[in-house]
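Please read the points below with the structure open beside them.

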Amino acid sequence: MGIGCWRNPLLLLIALVLSAKLGHFQRWEGFQQKLMSKKNMNSTLNFFIQSYNNASNDTYLYRVQKLIRSQMQLTTGVEYVVTVKIGRTKCKRNDTSNSSCPLQSKKLRKSLICESLIYTMPWINYFQLWNNSCLEAKHVGRNLG
């Protein structure tokens, strides 16, 4: 069954119809603005802030203040693009009781708006931070947070 089989118009038509049908079923819709389940949201945001704090050189830990936007895309797992407002807390990196750290006030106060791409397979508790960028909140439009 070499190149000669494509000379038959019926075989060519069948191949085109099959590829169109298979392409239809395998097409991913791209990122869509959908609400995350509370469980997925909490685990995804916890993963994000742990990753951020581990990579940060700041003396103090940050915590998520507000989820501004989330979009998701189904692939081999779930990809989330999340935009969050995070704030510097009063807890230092080596603090062990950092579960409920209050935010800094006055001089040490700092807020960031971060947009991140997070890949997850929540059914096996697997997360990966694929991309992250943050800007100081005062440099971002007021409508975000």
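1. Y52 has a relative accessibility of 16%, so it counts as buried (buried is under 20% relative accessible area, exposed is over 50%, and partly exposed is in between, using a 1.4 Å probe and protein chains only). Y62 is also buried, at a relative accessible area of 4%.

2. The model is a predicted one, in which local features need pLDDT of at least 70, side-chain atom pairs count only at pLDDT 80 or more, and totals for chains, interfaces and linings use all residues. Residues are numbered from 1 along each chain as its sequence is written, and side-chain values use heavy atoms, with hydrogens and water left out.

3. How many aromatic pairs does a search of the whole structure find? The search finds 5, where a pair means rings of Phe, Tyr or Trp (its six-membered ring) with centres within 6.5 Å; planes under 30 degrees apart are called stacked, over 60 edge-to-face, and the rest tilted. The rings of F47 and F127 have centres 5.3 Å apart and planes at 20°, so this pair is stacked. F47 is in helix α2 (residues 38–55) and F127 in strand β4 (residues 126–136), so the pair ties together parts 80 residues apart in sequence. Helices (H or I, at least four residues) and strands (E, at least two) are DSSP runs, numbered from the N terminus. Both F47 and F127 are buried.

4. The rings of Y52 and Y62 have centres 5.4 Å apart and planes at 75°, so the pair is edge-to-face. Y52 belongs to helix α2 and Y62 to strand β1 (residues 60–74), so the parts tied together are 10 residues apart in sequence. Together with F48, Y52 and Y62 form one aromatic cluster.

5. The structure has 2 salt bridges, each a side-chain nitrogen of Lys or Arg within 4 Å of a carboxyl oxygen of Asp or Glu. In one, the side chains of D58 and R88 meet at 2.8 Å, N to O. This pair links distant parts of the chain, with D58 in the loop between α2 and β1 and R88 in strand β2 (residues 78–92), 30 residues apart. D58 counts as buried at 14% relative accessibility, and R88 counts as buried at 13%. Leaving aside residues up to four places away in sequence, D58 touches R88 and R93 (contact means heavy atoms within 4.5 Å).

6. E115 and R69 meet through their side chains in a salt bridge of 3.1 Å, N to O. E115 is in strand β3 (residues 111–121) and R69 in strand β1, so placed that the pair links distant parts of the chain, 46 residues apart. E115 counts as partly exposed at 37% relative accessibility; R69 is partly exposed, with a relative accessible area of 31%.

7. Which residues have the most contacts inside the largest nonpolar core? They are F48, Y52 and I86, in a core of 16 residues; such a core is a set of buried Ala, Val, Leu, Ile, Met, Phe, Trp, Tyr and Cys residues joined through side-chain atoms within 4.5 Å. Elements α2, β1, β2 and β3 give two or more residues to this core. Not counting residues up to four places away in sequence, I86 touches residues including F48, Y52, Y62, V64, L112 and C114.
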